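Trainee: Can we go through this one together? I'd like to start with the overall picture and then go into details.

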Amino acid sequence: MAAKKKSGKRSTKRSAAKSAPLAEYQRKRDFTKTAEPAGKSVRSSSAKKLHFVIQKHAASHLHFDFRLELDGVMKSWAVPKGPSYDPSVRRLAMEVEDHPIEYNTFEGTIPKGQYGGGTVMLWDRGTYEPEAGGGEETLRSEYERGDLKFIMHGKRMQGGWVLVRMRREGERAQWLLIKHRDEFADTKHDVVESETTSVTTGRSMEEIASPKGRGRVWNSNRADANEPAPKKKPARKSVTTRKTSATASRKKPATPRRRRSTRSTS
Ligand code: MN
């Protein structure tokens with residue numbers, strides 16, 4: 001089911017991993033040490049909606065990982081400054097290796113010393129579509145051409161956006177991420193500044209990074225012991241508290257919420 005989409009019209013010379021789409025992703029990671037998904041499968045895509053995710057990643061340098069689903073994987077770019085709603089602003093987007101679709105639910109901490117070590121927050125997610133219509137076929141050819149125009153339906157990312165390829169540096173292509181001029185464009189809306197919490201859990205980067213915050217969201221691969229025993233958590237309460245915390249930290253993003261973690265881990 002994996003490799004049937006490979007019949008691109010004209011094979012542009014791309015570097016590695018033609019035959020195994022996630023090979024580079026897997027080569028870079030030690031899945032006995034990181035809780036990131038192993039990416040065993042490339043999902044076969046049908047006519048369903050395509051997803052995107054943006055993860056805020058405090059690695060050696062803070063950046064935003066911008067990922068668009070295409071042909072069963074997440075095409076990925078590291079955007080150091082994150083997106084801007086100002087159409088006159090061009091944000092550098094460095095293409096990185098394709099990620100598995102399961103990565104879309106990953107929020108947590110990659111151990112120090114591992115590839116990309118640091119805290120990962122789910123900053124936005126939703127669906128997207130090519131502006132010109134035509135589904136994945138359009139996106140595939142625009143991607144090959146280096147001129148992707150798409151509409152995002154997220155919580156924080158909305159309207160038309162463009163990714164334009166500038167040049168390649170080694171095997172890495174540099175692109176620019178630009179807001180299209182439409183009703184969502186807004187020169188005064190600094191979305192990176194105003195949205196500082198997880199779109200799914202409401203947690204701040206600090207909360208995700210704190211030992212008590214770890215293991216709450218995604219760690220099924222994880223064999224280590226600091227994972228709280230799931231049974232002890234009364235499901236009802238944790239939902240309530242999470243909601244409260246999400247609301248609270250949206251208003252006051254900088255304040256760490258301690259109360260919740262005491263309850264849920266001990
Ligand atoms: Mn990253």
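Trainee: How many helices and strands does the chain have?

Mentor: There are 6 helices and 9 strands. Helices (H or I, at least four residues) and strands (E, at least two) are DSSP runs, numbered from the N terminus.

Trainee: What pLDDT does the chain average?

Mentor: The average is 80, and 70% of the residues score at least 70. pLDDT is the predictor's confidence in each residue, from 0 to 100.

Trainee: Where does pLDDT stay under 50?

Mentor: Over residues 1-17, and again over residues 216-266. The model has 13 contacts beyond four places in sequence for residues 1-17 and 56 for residues 216-266. Two residues are in contact if their C-beta atoms, placed from the backbone, lie within 7 Å. Where pLDDT is low, the predicted coordinates should not be read in detail.

Trainee: OK, on to the core. Which residues touch the most other members?

Mentor: In the largest nonpolar core, which has 39 residues, they are F66, A93 and L177. Such a core is a set of buried Ala, Val, Leu, Ile, Met, Phe, Trp, Tyr and Cys residues joined through C-beta atoms within 7 Å. β6 supplies the largest share of this core, 5 residues. Not counting residues up to four places away in sequence, F66 touches I54, W77, V79, A93 and L177.

Trainee: And what does β6 pair with?

Mentor: β1 (residues 50-58) pairs with β6 in the antiparallel sense over 9 bridges. β5 is joined to β6 by 3 bridges, also antiparallel, and β7 pairs with β6 antiparallel over 5 bridges. Two strands pair if DSSP finds at least two bridges between them.

Trainee: Which residue in β6 is the bridge partner of H57?

Mentor: V120. V120 is also the bridge partner of G108. Towards β7, Y128 stands opposite M152.

Trainee: Switching to α2. Which of its residues are buried?

Mentor: In α2 (residues 135-145) they are L139, E142 and Y143. Seen down the helix axis, these buried residues fall within an arc of 105°, so they line one face. The arc is that of the directions from the helix axis to the C-beta atoms. A residue is buried with 20 or more other C-beta atoms within 10 Å of its own, exposed with 12 or fewer, and partly exposed in between.

Trainee: What covers that side, and what is on the face turned away?

Mentor: The cover includes β2 (62-70), β3 (73-79), β6 and β7 (147-154). The face turned away carries the exposed residues E137 and R145. Just after α2, G146 takes a positive phi of about 80°.

Trainee: Where is D71, and is it buried or exposed?

Mentor: D71 lies in the loop between β2 and β3. D71 counts as buried because 22 other C-beta atoms lie within 10 Å. Its phi is near 55°, a positive value in a residue other than glycine. Most residues other than glycine have a negative phi.

Trainee: Last one: what is G116 in contact with?

Mentor: Leaving aside neighbours within four places in sequence, G116 is in contact with H57, A59 and I110. G116 sits in the loop between β5 (108-110) and β6 (118-130), and counts as partly exposed because it has 17 C-beta neighbours inside 10 Å.

Methods:
Residues are numbered from 1 along each chain as its sequence is written. This is a predicted model: local features need pLDDT of at least 70, side-chain atom pairs count only at pLDDT 80 or more; totals for chains, interfaces and linings use all residues.
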